[in-house]
Protein chains: 2
Amino acid sequence: MSATSTSRLLARRARLLGPNVSTFYDEPVHLVKGKGVWVWDADGNRYLDCYNNVPHVGHCHPRVVDAICQQASTLNTHTRYLHEGILDYVERLAATFDAPLATAIMTCTGSEANDIALRMAEAVTGKRGVIATDHTYHGNTTAVAQLSRTNVPGTGDGSHVRHVPAPDSYRPLGGVAGPAHARAFAAKVEEAIDDLETSGPGFSAIILCPAFLNEGFPQLEPGWLDPVVKVVRKAGGVFIADEVQPGFGRNGYRFWGHQRIGVQPDIVTLGKPMGNGHPVAGVVADADIMAAFRKSFRYFNTFGGNPVSCAAAMAVLDVMEDEGLQDNARVVGEHARAGLSKLAEKHDCIGDVRGYGLFFGAELVTDRETRSPATSYATKVANEMRRRGILLNKLGLHYNTLKIRPPMPFSKENADYMLGTLDGVLNDLGPARD
Amino acid sequence: MSATSTSRLLARRARLLGPNVSTFYDEPVHLVKGKGVWVWDADGNRYLDCYNNVPHVGHCHPRVVDAICQQASTLNTHTRYLHEGILDYVERLAATFDAPLATAIMTCTGSEANDIALRMAEAVTGKRGVIATDHTYHGNTTAVAQLSRTNVPGTGDGSHVRHVPAPDSYRPLGGVAGPAHARAFAAKVEEAIDDLETSGPGFSAIILCPAFLNEGFPQLEPGWLDPVVKVVRKAGGVFIADEVQPGFGRNGYRFWGHQRIGVQPDIVTLGKPMGNGHPVAGVVADADIMAAFRKSFRYFNTFGGNPVSCAAAMAVLDVMEDEGLQDNARVVGEHARAGLSKLAEKHDCIGDVRGYGLFFGAELVTDRETRSPATSYATKVANEMRRRGILLNKLGLHYNTLKIRPPMPFSKENADYMLGTLDGVLNDLGPARD
């Protein structure tokens, strides 16, 4: 795409959407078409999408599109009339969870789901204090944005929120990864609980992405969260698992992130990949928590659980199953991480290779011994990959970790193509100095 | 639909969605199909939809369905890539507003839009106090639910919210409708402003549906809100117009509710009818307010403004224009209200006929002199209308006002059919005793 058209679009954005509306890359991409793991820009250039988890079963998957078209041309209405679509979907969804997680509220966005989850915890505990990590993101409503330290604070004093240090398997709290790190993290949570209990709001809930994806997806083995869950339960608190990113089979091993790490949350929130791009999300809880919420709060969502959203979400589950996409995530993810580790033998900047299934990446450092983050180098890598037709990005505690989170039909061949390009980019950029 | 299948569906709902998930009517309707102003239940019975404003241009309008299918099969992604869909839509939308309302944030729900609007006001004023009416509803997020007195309170103390008595043209504050009523309402707002300013949070914004639709759509002539706007501006506050219900030409006279009553808001929020059922909503403000918000708060909405949502919303504007639906709303609305007034000559229970365009209805009373609300009688009327194939409902300060808010292609013939059925129902039910 010509620089002129890009700057024309950016100028229109600033005029119509306001300032500071973020885009990816030094040269933002103007996308016009998507299919499977591929997207195309306005000039006809093709990109391998290694970033977008929203088109979970692949961009414009024909079965999801057909489901949407079929239902949108038949009926779209709200849940104050009876419709089997929402019931069939919630029944199917509930079957992917371990008992007693068996009831759901359907919303349009993960933010709405987390906003409800906080109120559910309040309904159950009668308290408001919430614990989150210091590098998390759970959404954009006023109540949920207060959980993010990275959010520019403003509304409300957020005095009911406590932040604990995000787990980092590469630089673990206490110095040693594994069970000791898990206990150190749980101790921080216990401190925060005590603080909430003694300072006013009381302890209501902890909300965690069970794979800590925004935090840089630390390598945490099953059982790692057990000490945290123990201190939360002991204090009578609620454990909310935010599955907006790790859910729907992406980790390759189990359908949900919390299942992979081996914990049972009280409330689970869902979002992004649920409808392959159609705005659908939800909250899952057991019948008692749902009843407590419904008793304490009035809640109705006009678009939530409408027949079209449910049809899209159902088609995603169908495709997942019929195309074996959870298995694919495990197999291709393992292959890709092995390839990344192989690249690490050649490139000193790759300090750590991490992830599960099709959410993985490499932490880039200027020095393997000091593990000093190569933050601006990682930005250069993402931009250069984009120029060479590969879309990925970076995240983590130091924003130096390559974030690779492709649509689920990502193949070994796609992985090899991505790795080959990355090899070339690292060769050409040379050592990371930052 | 057999009573057995209804009770089977209700039992599944209770099991899968939890208790207290509201339905309409004594016998909830199980809808399976919609087309234009008609919907069908699972037994093939047809109903005239006189209630649903979400399918704004008609249930399953083929042009909206086509736009969704076309774009969903081409590309659906987020706004961190460039795409012309959101820019073309916001440009077209902005042209329907009076300057300087020219920038927008696209969201998925009206609740998300109002949640942002409150933060915009805070960003501009540096204060948090909000004024709403005591019978309003602005949405379901934690922050927005605090505005509703009818919401079961819970989260947050809501100490930054003040409620003013909802305008009632049939029983006006101060006893006399018109300018005196307007001044009386403005005086209540001024009191609330003073209270907020002296008690801590300060005065940030007033949020009003400019047609007070949940409050029972009082008959308020252009200019009625002028005294309120004056006291708000004098105090340096922000006026948020919630157009989730009255917008998109429904009032028949002007495209927006605030334009009909002749005021210029600082922020406008949009929702329900925007995408004919597709989850799309938004906030419109001037460039300064948008910049202040973007400076104070981080905001990104994964599904907000995606190409499919924008295509659906654009198709709605196309259909509105090509089918002359705003004019239709005015002409049919006037015809229907004339018909309702004619029914009032026969039926003493009709105390007041009100509304604009295709949001109108009649307040039912047990006695025209005392204007005593016929609340349970109104419930009977709505249920009996449903049994005779007409879907409408009731609302208002006493829940005794028939709420008639059909899809915009509603015709004079549809109106006459509805009125004929209503005549029969009122005849058969006999006088309202409550």
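Good morning. I begin with two helices of chain B in this predicted model: α6(B) and α7(B) are roughly parallel to each other. Helix α6 of chain B covers residues 179-199 and helix α7 of chain B covers residues 226-234; their packing angle is about 20°, and their axes are 8 Å apart. Angles under 35 degrees count as roughly parallel, which is why the word applies here. The crossing of α6(B) and α7(B) is right-handed. From α6(B), the contact is made by Ala182(B), Arg183(B), Phe185(B), Ala186(B), Val189(B), Glu190(B) and Ile193(B), and from α7(B) by Pro227(B), Val228(B), Val231(B) and Val232(B). By class, this contact of α6(B) with α7(B) has nine nonpolar residues, two charged residues and no polar ones.

Please keep Val189(B) in mind, as I turn to the nonpolar core. Which residues have the most contacts inside the largest nonpolar core? They are Val189(A), Leu364(A), Val189(B) and Leu364(B), in a core of 285 residues. Helix α10 of chain A, residues 307-322, gives the largest share of this core, with 10 residues. As for Leu364(B), its contacts beyond four places in sequence include Cys349(B), Ile350(B), Gly351(B), Ala374(B) and Tyr377(B). Ala378(B), Val381(B), Asn400(B), Leu402(B) and Ala432(B) are also touched by Leu364(B).

Let us follow α10(A) to a second pair of helices. Helix α2 of chain A, residues 62-72, packs against α10(A) at an angle of about 155°, with the two axes 8 Å apart. That angle makes α2(A) roughly antiparallel to α10(A). The crossing of α2(A) and α10(A) is right-handed. On the side of α2(A), the residues that meet α10(A) are Arg63(A), Val64(A), Ala67(A), Ile68(A), Gln70(A), Gln71(A) and Ala72(A). On the side of α10(A), they include Pro307(A), Val308(A), Ala311(A), Met314(A) and Asp318(A). The residues of this contact of α2(A) with α10(A) divide into 12 nonpolar, two polar and two charged.

I now come to the contact between the chains. How many residues does each chain bring to the contact? Chain A brings 79 residues and chain B brings 79 residues. On chain B, the elements that each supply at least two residues to the side touching chain A include α1 (3-17), β1 (31-35), α3 (84-94) and α9 (287-296). The largest share of that side, six residues, comes from α4(B). The residues on the side of chain B that touches chain A divide into 38 nonpolar, 28 polar and 13 charged.

One residue of chain A deserves attention here. Asp115(A) is found in helix α4 of chain A, residues 110-125. Is Asp115(A) buried or exposed? Asp115(A) counts as buried, because 31 C-beta neighbours lie inside 10 Å. Leaving aside neighbours within four places in sequence, Asp115(A) is in contact with Thr141(A), Ala143(A) and Val144(A), and also with Thr141(B) and Thr142(B) of chain B.

A second residue of chain A may be set beside it. Ala382(A) lies in helix α12 of chain A, residues 375-387. Ala382(A) is buried, with 21 other C-beta atoms within 10 Å. Apart from residues up to four places away in sequence, Ala382(A) touches Tyr25(A), Leu392(A), Asn393(A) and Lys394(A). Ala382(A) and Ala432(A) are 50 residues apart along the chain, and their C-alpha atoms are separated by 13 Å.

Finally, a word on the backbone. Most residues other than glycine have a negative phi, and most peptide bonds are trans. With 30 C-beta neighbours inside 10 Å, Phe248(A) is counted as buried. In chain B, Phe248(B) has a positive phi near 60° and counts as buried, with 30 C-beta neighbours inside 10 Å.

There are also cis peptide bonds to note. The bond from Ala99(A) to Pro100(A) is cis, with omega near 5°, and Pro100(A) is found in the loop between α3 (84-94) and β4 (103-107) of chain A. In chain B, a cis peptide bond joins Ala99(B) and Pro100(B), with omega about 5°. Pro100(B) has its place in the loop between α3 and β4 of chain B. Thank you for your attention.

Key: Residues are numbered from 1 along each chain as its sequence is written. Chains are lettered from A and ligands numbered from 1 in the order in which they are written. This is a predicted model: local features need pLDDT of at least 70, side-chain atom pairs count only at pLDDT 80 or more; totals for chains, interfaces and linings use all residues. Two residues are in contact if their C-beta atoms, placed from the backbone, lie within 7 Å. Helices (H or I, at least four residues) and strands (E, at least two) are DSSP runs, numbered from the N terminus. Ala, Val, Leu, Ile, Met, Phe, Trp, Tyr, Cys and Pro count as nonpolar, Asp, Glu, Lys and Arg as charged, and the others, Gly among them, as polar. A nonpolar core is a set of buried Ala, Val, Leu, Ile, Met, Phe, Trp, Tyr and Cys residues joined through C-beta atoms within 7 Å. A residue is buried if 20 or more other C-beta atoms lie within 10 Å of its own, exposed if 12 or fewer, and partly exposed in between; C-beta atoms are placed from the backbone. Axes are lines fitted to C-alpha atoms, for helices over the stretch in contact, and angles run from 0 to 180 degrees between N-to-C directions. Angles under 35 degrees count as roughly parallel, over 145 as roughly antiparallel, 65 to 115 as roughly perpendicular and the rest as oblique. A crossing is left-handed if the near helix is turned anticlockwise from the far one by less than a right angle, and right-handed if clockwise.
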